[in-house]
Amino acid sequence: MRKPATILLLTGLLVPMCSLWAQQTVSQQGAIPQTPRQQAPTQQSQTQQNSSNPDRQSEPTTTLRVDVFVTVTDAHGAPIGGLTKENFILKEDDQEQKISVFDRESALPISIALAIDTSLSTRHDLPLEQTSAKKFAHAILRPIDALSVYGFSESVSEPTHGYTSDLRRIDEAIDHIRLGAATALYDAIYVAARSLNRRKGRKIMVLITDGESVDSKIDYPEALRAAEEAEALIYSIIIVPIESSAGREIGGEHALIQLSEDTGGKYYYAISPGQLDDAFRKISDELRTQYLLAYYPSQRTSLSEFRRIGVQITGVLDAASDRVRHRAGYYSVKSEF
């Protein structure tokens, strides 16, 4: 007769305990639904939200930031300063992008890879090239900038052993580059681009060469891609000792011109020491008047891994005759080296 009483007693004790345990569990879990509201949505939840909300399709779907360094010159080739964000229209694969960052580039650090052709074909001009190169380094470099010297013939050397703002070290490196036999031009571009790829700020490559490329292990497409992935602007100074020379490398000149245009740089011909100095001066002037346009790409419109960039200016007098230069685009997936 005592068993029912015992069962009733145990039941009376267990029910309150279970109720208390359930309340504690609910209390502990009550804060969990609030946590996601305080954190950024995960990539999966963002994708689901964008799919269910057509109005959000135009918003950036990645945190990738694309920096575009732009040079604007007038009909006479003189750099144009004083432009504002409103003067620029920026597109990726013909789709207009929101300019998230705008800046005038005179204050940003510059990393310069200065590559000098030391092949036998330039032996008569090398002393002049060295003198002009040292003038350029002294004119352009500030304490926040850095320069690395490369000499290239059948191989590529880096006498500065890295980037430096020490002008004495740079002068000594330029003086100590030596003549060689062949011209590994594309190898030099590739090596310099890979070093610039690790640098921050603006990245510039200045090539002093007659345009001939012999004995390069790297071909033109590989050299161009390396420069584009490094976001390096290539300025080519093409040495032409005798303009009508039968041995002039026209194909190499055209390659340098295309490299410069695709990366947003420029090319110059230098027939005399005065023109060589003038080319360096123009490069210095341009680097002081560049603009930075940065954006976060919106929804992709192309399946290609190379995204094309377009920049136009507007609201400026004589805008139709002004020239806008910038890199042709960027690779959404970079090579592994």
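This is a predicted model: local features need pLDDT of at least 70, side-chain atom pairs count only at pLDDT 80 or more; totals for chains, interfaces and linings use all residues.
How do S5 and strand S8 (residues 202-209) pair, and over how many bridges? They pair in the parallel sense, over seven bridges, where two strands are said to pair if DSSP finds at least two bridges between them. Residues are numbered from 1 along each chain as its sequence is written, and side-chain values use heavy atoms, with hydrogens and water left out.

Let me begin with the chain as a whole. It holds nine helices and 14 strands, and these are DSSP runs numbered from the N terminus, helices being H or I over at least four residues and strands being E over at least two. Of its 337 residues, 42% count as buried; here buried means under 20% relative accessible area, exposed means over 50%, and partly exposed lies in between, with a 1.4 Å probe and protein chains only. Among contacts between residues at least 6 apart in sequence, 79% join residues at least 24 apart, a contact being heavy atoms within 4.5 Å.

Now to the sheet that my opening question came from. Six strands form an open sheet with mixed pairing, in the order S7-S6-S5-S8-S9-S10. Strand S7 (156-157) and strand S10 (266-270) stand at the edges with a single partner strand each, so one side of each is left without a neighbour in the sheet.

Strand S6 deserves a moment of its own. Seven of the seven residues of S6 are buried, so this strand is largely enclosed by the rest of the structure. Both of its faces are covered, with Ala146, Ser148, Tyr150 and Phe152 buried on one side and Leu147, Val149 and Gly151 buried on the other.

Leaving aside neighbours within four places in sequence, the residues in contact with serine 148 include Ile112, Ala113, Leu114 and Tyr163.

For another setting, please look at histidine 138, which lies in helix H4 (residues 126-140). Histidine 138 is partly exposed, with a relative accessible area of 43%. Not counting residues up to four places away in sequence, histidine 138 touches Leu167 and Asp171. Its side chain and that of aspartate 171 are joined by a polar contact of 2.9 Å, and the C-alpha atoms of these two residues, 33 residues apart along the chain, are separated by 9.2 Å.

There is also an open sheet of four strands, antiparallel in its pairing, with the order S3-S2-S12-S14. Strand S3 (95-96) and strand S14 (329-331) stand at its edges, each with a single partner strand, so one side of each is left without a neighbour in the sheet. Strand S2 (residues 88-92) pairs with S3 over two bridges in the antiparallel sense, and glutamate 92 stands opposite glutamine 95 in S3. S2 also pairs with strand S12 (residues 306-313), again antiparallel, over five bridges, with lysine 91 opposite glycine 310 in S12. Three bridges then join S12 to S14, which run antiparallel, and phenylalanine 306 stands opposite tyrosine 331 in S14.

How values were computed. A polar contact is a pair of N or O atoms within 3.5 Å; within protein, one must be able to donate a hydrogen and the other to accept it, and residues adjacent in sequence count only if both atoms are side-chain atoms.
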